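Please look through the sequence and the model below before reading on. The paragraphs that follow lead you through them step by step.

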Amino acid sequence: MCEHRDRVLDYLYDEASPSDRQAIERHLGVCDVCRTDVQAFRRVREDLLAWGVPEQPSVWTPFAPVPVVPWHRQVPAWAMAAAASLTFVVGAAGSFAASSFMGARDATVATVADAPMSVATTAAAAPVFDAEAVGSLVRQELNAVGFDALRQATPVSITSPMPARLDVNTERRLLANAEAFVGASEQRQWLRIRDYLTVVANEQNLERVRDGESLTHLAREVLLLREAVNGLLAAQQSRVQ
Amino acid sequence: MTSDEELVTRATAGDQDAFSQLVTRWERPIYALAYRTLGREEEARDVVQDAFLRAYRGLKGFKGEAKFSSWLYRITLNLCRDWMRKERRAPLAQVPEGVDPIDLADQQAAPTESVEDLVARREMSAAVQLAMADLPEEQRTAIMLKEYHGLTFQEIAEMLDCPLSTVKTRLYQGLSVLRRRLERQQAESASLRRAHWESTTL
C-alpha cells in the first residue's frame, strides 16, 4: 500500500489544492499502484451512479390542518356504550323510585297526620318483563330494513355468484334465537334493576320510619308545649281576675 | 435563494413556512440516504418523516456549529442505525428479477438511450446494490455520503465523529471491495452474454 493513499483520494474527489494536485499527478506518473487505484476507482464511481433512487411523493405533512372531529367522535365506542347503559339504568331506577316514592309519600303523609306512629312500608314492585313486546320491537326493526320473514324460500343455485339470502326456515330459526337471546338479556337486566330498586326502596322506607319517629316526637313536644302555654295563659287569666 | 441558515433562524422563531422550505429542499436527499442505507422504500419514508419531526422539535437546540444538512444527515443515519439495530436486519438490496419493458421505459434516462443500455444500467444498478449491501456499515456510510451526497472528507468526519484519516481509510477500503466485486460481476455478465450469443447464433 502506498503512503500517498490519502492524497490520492483527495485528488480523486477534487479536494486537493492546486499545488497538491500537481504533486499527486507527478506521483501517479511513477507509482503504478496509485495510478491503477485511481483508474479503477473512477470506474467504480461511474458504476455507483447506476444505483438510482425511486421517485417518492412528499411524506412531510406535519403542518396540515387537523381535521375537525366532533367531540362525540373522539369518545371511544365502548365508553359511549357504557354511558348509554348507565343512563338507561339510572333513568329507569330514578323513574321507578320516583313513582314508588310519590305513591308511598301520599300514603305516608295521610298516615302521619292521622297517627304519627304508623308509617306504611311499601315493598318495591318488580317490573313485569314482556318478552313478547321485545320480540315485537325486533320485528319492527327488521321490517323497517325490509326483512321479509314470511316470504317463501327460493332455491339458491350453487353456481350463483352471489347467494342472496339464507332459506326462510333458517332465517326464522335465527330470528327466534335472536329474540330469545335479546329477551334473556333484557330479563337479566330487569332483574338486576329490580334488585337494585328493592334495596333503594327499603332504604327509603327506613328513612321514612326515622322521619316518622322524628315527627311523632316533635308532635309530642308540640303538645307538651301547647299544654304548657295553655297552663301559663290560664294562670295569667286567673291572676288578672 | 434563501440560505439554510436563514431559514433555520426563521423556523426557530416559529415560521412554519420556513421549515417547510427546508423540508422541500432536503427531503429528496434525506430519502435517498435512508433508502440506500436501509434498502427499503417504506422504512425509508418512515425515517424521513421521523427525521424531519426530530429536526423540527430540536431546532432550538441546533446551534449552527455544523451545516443544517449535516445535522439532518446525522439524524437520519442515527434513525437508520436504530431501525437496523431494533429490527436486527441488514440493508436489503431490492433487486428486481427479470426485465419488464414498461419498467425499463420508465427508467429510461434519455430518449436516445437504447434498450441494451437500459438493461446494462439496470444490471449495474442491481450489482451495485448487492455489493453495497455486503459492505460493513462504516464503509457503506462513508461511500454514500461521499458519492451520493457530495460531502467533503471533513464534513463526513465531523458527522461521524471520527478522525479524517479514518474516513479516508473506510472510503478506500470500501472502494477497493466494490472494485473487486463489480469487476467480478461484470466478468460473469460478459461470460453469460457471450454464452447466450453463442447458443443463439451457432
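On the face of H3(A) that is turned away from its buried side sit the exposed residues Asp32(A), Thr36(A), Gln39(A), Arg42(A) and Glu46(A). Here a residue is called buried if 20 or more other C-beta atoms lie within 10 Å of its own, exposed if 12 or fewer do, and partly exposed in between, with the C-beta atoms placed from the backbone. Helices (H or I, at least four residues) and strands (E, at least two) are DSSP runs, numbered from the N terminus. This is a predicted model, in which local features need a pLDDT of at least 70 and side-chain atom pairs count only at pLDDT 80 or more, while totals for chains, interfaces and linings use all residues. Residues are numbered from 1 along each chain as its sequence is written, and chains are lettered from A and ligands numbered from 1 in the order in which they are written.

The buried residues of H3(A) are Cys34(A), Asp37(A), Phe41(A), Val44(A), Asp47(A) and Leu48(A). Because they cover an arc of only 135 degrees around the axis, they lie on the same side of H3(A); the arc is that of the directions from the helix axis to the C-beta atoms. H3(A) has 17 residues and reaches 24 Å from its first C-alpha to its last, close to the 24 Å expected at 1.5 Å a residue, where the expected span is 1.5 Å times one less than the number of residues.

Just after H1(A), Asp14(A) takes a positive phi of about 55 degrees.

Taken as a whole, chain A has seven helices and zero strands, and buried residues make up 8% of its 241 residues.

We can now turn to the place where the chains meet. In this model, 22 residues of chain A are in contact with 32 residues of chain B, two residues being in contact if their C-beta atoms, placed from the backbone, lie within 7 Å. The elements that give two or more residues to the side of chain A that touches chain B are helix H1 (5-12) and helix H3 (32-48) of chain A, and H3(A) gives the most, with six residues. For the complex, the predictor gives an ipTM of 0.82 and a pTM of 0.54.

Leaving aside its neighbours within four places in sequence, Leu22(B) is in contact with Asp4(B), Leu7(B), Val8(B), Ala11(B) and Phe68(B).

Lastly, chain B averages a pLDDT of 85, and 85% of the residues score at least 70; pLDDT is the predictor's confidence in each residue, from 0 to 100. In chain B, confidence is lowest in helix H5 (residues 101-107), at a mean of 56, and highest in helix H7 (residues 137-148), at 94. Where pLDDT is low, the predicted coordinates should not be read in detail.
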